[in-house]
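Me: I would like to learn how to read contacts between aromatic rings. Please take me through them step by step.

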Amino acid sequence: MNTTETPALEVRGLVKKFRKFVLGEVSLSVPAGSITALLGANGAGKTTLLNLIFGVGAPEAGTIRVFGYDHFNEDVALKRIAAFAGPDLDLSGWGNVRAALDFLAAFRPSWDAAYEERLLEQFALPAKKSIRALSFGEQTKLGLVAAMAWRPRLLVLDEPTTGLDVRARQFLLQELLAVVTDPNRSVLLSSHQLTDVERIADRMVLLQQGRVLLEGEVASLLEEHCGVQWSAPANALFRGMPGVLGAQCEGNRWRAVIRRTVCSAQQLEAAGATQVHTQPVTLEELYLAHTANA
Amino acid sequence: MLPNAVPVASLLPPLSLAAPGALYEQIIAGIHAALANGQLPPGAPLPSVRKLAAETCVSVITVKRAYEELERQGLIYSRPGLGSFITDAALDRSRETHRARAESLLAEARAEAEQAGLKPSEIRALFLKHLNP
C-alpha cells in the first residue's frame with residue numbers, strides 16, 4: 001500500500017468527552033485503497049468515533065481529515081466524498097424505498113442509477129416497499145444502498161452486517177472488495193463479525209475504553225501472535241509475563257496467546273512450562289486475548 | 001495489446017478460513033497446482049492484486065502477500081504498470097519447491113515411523129509400498 005499518498009482518513013489526537021465516557025486520545029490512519037476494520041466491545045467508542053468524522057458532535061481536541069479535507073473547516077467538501085451508513089439512519093418520512101433513494105440521489109451528482117438497481121436486486125430489497133414496513137435487516141440494506149450507490153471515495157459503515165441474511169452479507173463483502181479495486185477508494189467499517197474481518201480487511205484498529213489498543217495489518221498481527229498451551233502449576237506467574245496475553249489455567253494446563261516479538265515458547269519453558277504446544281491464532285482468539293488483559 | 005489475464009480465480013480452489021493454511025498460502029498452493037496442470041503457461045498475465053482480491057473475496061493484503069511470495073519463489077514477475085506474469089522458469093521453480101517439500105515430508109514420515117518403533121527395514125518396506133501401490 002502506497003503510504004506516500006494522502007490517507008483516506010487521518011485522525012490525530014482526537015478527544016471527545018462525555019459525562020461518563022471519554023474517547024481518546026485517538027490517532028489512526030486508513031490508507032487509500034484499503035479496507036480497515038474498527039473493532040471493540042460495545043461501548044468501546046466505535047460509533048462515537050465514526051460519528052465525529054461526519055460532524056456529529058464536536059471533539060474537545062484533535063483533527064480528522066478525509067483525503068486531506070478537515071472535518072470541521074471543510075465539512076462540505078468532506079461530505080461530497082464520504083458516505084456513512086449506520087443503524088441510526090431514519091428515512092421513515094420518505095414513503096417507500098424508491099422515493100427515499102430518489103430524494104438522496106438528487107444531492108449526489110455521481111449517483112449511479114444502474115448500480116442502485118443492482119444493489120437493490122442483490123440485496124433482495126423491493127423498491128416499492130414502504131419504509132415503515134422494512135425489517136431491521138432491510139433498513140440496514142437501504143442505508144447501504146444509499147451510501148454505496150454514488151460511489152463515494154470513503155465508505156464508512158457502522159456494523160454493516162448486523163441483521164443481514166447470509167446471502168446479503170456475502171454480497172456486501174464482495175462489493176466492498178470491489179470498491180477497493182479502485183486504489184483511490186477506501187472502506188472503514190466497524191464490526192463484531194471477526195471471521196468477515198479476517199477475510200476481507202487489510203487493516204484493523206482495536207478500540208478499548210476509548211483508546212486504540214492494537215492497530216495494524218490483519219495478516220501481520222495474526223502472524224505476530226500464536227496460540228500456546230503448556231503445563232505448569234496453576235500458581236505459576238505467567239499472567240504478568242511480557243507478551244503473554246489472556247492466560248488461563250485449568251488444572252495445570254495453561255492456555256494463552258503470545259506476542260512472538262516479545263515472548264517465545266523457549267521463554268515459557270525457561271519460566272517452568274513443559275509440554276509447550278503452539279498453533280496459529282484466529283482473529284477471534286487474538287481479540288479475546290488482547291481484550292482480556294487490559 | 002496485452003493478452004487477457006488468465007481467469008486465475010476460476011483456477012484456484014475455494015479459499016476458506018476453515019481450510020488448512022492461511023488464505024495467502026491457499027492462493028500460492030492453487031497457483032502451483034494450476035502450473036503443474038499446464039493451466040498457467042509461461043508469460044501468462046495474472047489479474048491485478050485488487051481484481052483477484054475482489055474475485056476471490058479476500059483482502060487486498062492477502063493477495064499481495066501471495067504474489068510477493070510467488071515472486072520470491074521465482075514463479076511470477078511483475079512489471080510496474082503492466083502487472084504480473086508467469087515466468088519462463090515457473091514450472092521448474094514450482095517443481096523445486098515441491099521437491100524440497102516432498103523431501104521434508106519424507107524426513108518427517110521417517111521420524112514418525114521411528115517414533116512408532118519401526119525398524120529401518122520396515123520403514124523401507126512402508127515407503128516402497130507407497131511407491132508401488
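Reply: What follows covers ring pairs, charges over rings and a surface patch in this predicted model.

Me: How is a pair of aromatic rings described?

Reply: A pair is described by the distance of the ring centres and the angle of the planes. Over all chains, this structure holds 9 aromatic pairs. In one of them, A:F54 and A:F84, the centres are 5.5 Å apart and the planes stand at 50 degrees, so the pair is tilted.

Me: Which parts of the chain does the pair of A:F54 and A:F84 link?

Reply: Distant parts, 30 residues apart: A:F54 is in the loop between α1 and β4 of chain A, and A:F84 is in strand β6.

Me: Is A:F54 buried or exposed?

Reply: A:F54 counts as buried because its relative accessibility is 12%, under the 20% cut-off. A:F84, at 29%, counts as partly exposed.

Me: What is the geometry of the pair A:F123 and A:F171?

Reply: This pair is edge-to-face, with 5.2 Å from centre to centre and 85 degrees between the planes. A:F123 lies in the loop between α4 and α5 of chain A, while A:F171 lies in helix α6, 48 residues apart. Both A:F123 and A:F171 are buried.

Me: Where does the charged end of A:R108 sit?

Reply: Over the ring of A:W150, 3.8 Å from the ring centre. In chain B, the charged end of B:R65 sits over the ring of B:Y24, at 5.8 Å from its centre.

Me: Which residues make the nonpolar surface patch of about 240 Å²?

Reply: B:L106, B:L126 and B:F127 make this patch. B:L106 belongs to helix α5 of chain B and, at 48% relative accessibility, counts as partly exposed.

Technical notes: Residues are numbered from 1 along each chain as its sequence is written. Chains are lettered from A and ligands numbered from 1 in the order in which they are written. This is a predicted model: local features need pLDDT of at least 70, side-chain atom pairs count only at pLDDT 80 or more; totals for chains, interfaces and linings use all residues. Side-chain values use heavy atoms; hydrogens and water are left out. Patches are made of residues with over 30% relative accessible area and no salt bridge: like charges are joined within 9 Å, nonpolar side chains (Val, Leu, Ile, Met, Phe, Trp, Tyr) within 5 Å. Accessible areas come from the Shrake-Rupley method with a 1.4 Å probe; for residues, only the protein chains shown count as cover. A salt bridge is a side-chain nitrogen of Lys or Arg within 4 Å of a carboxyl oxygen of Asp or Glu. Helices (H or I, at least four residues) and strands (E, at least two) are DSSP runs, numbered from the N terminus. Buried means under 20% relative accessible area, exposed over 50%, partly exposed in between (1.4 Å probe, protein chains only). Rings of Phe, Tyr and Trp (its six-membered ring) pair if their centres lie within 6.5 Å; planes under 30 degrees apart count as stacked, over 60 as edge-to-face and the rest as tilted. A charge sits over a ring if NZ of Lys or CZ of Arg is within 6 Å of the ring centre and within 35 degrees of the ring normal.
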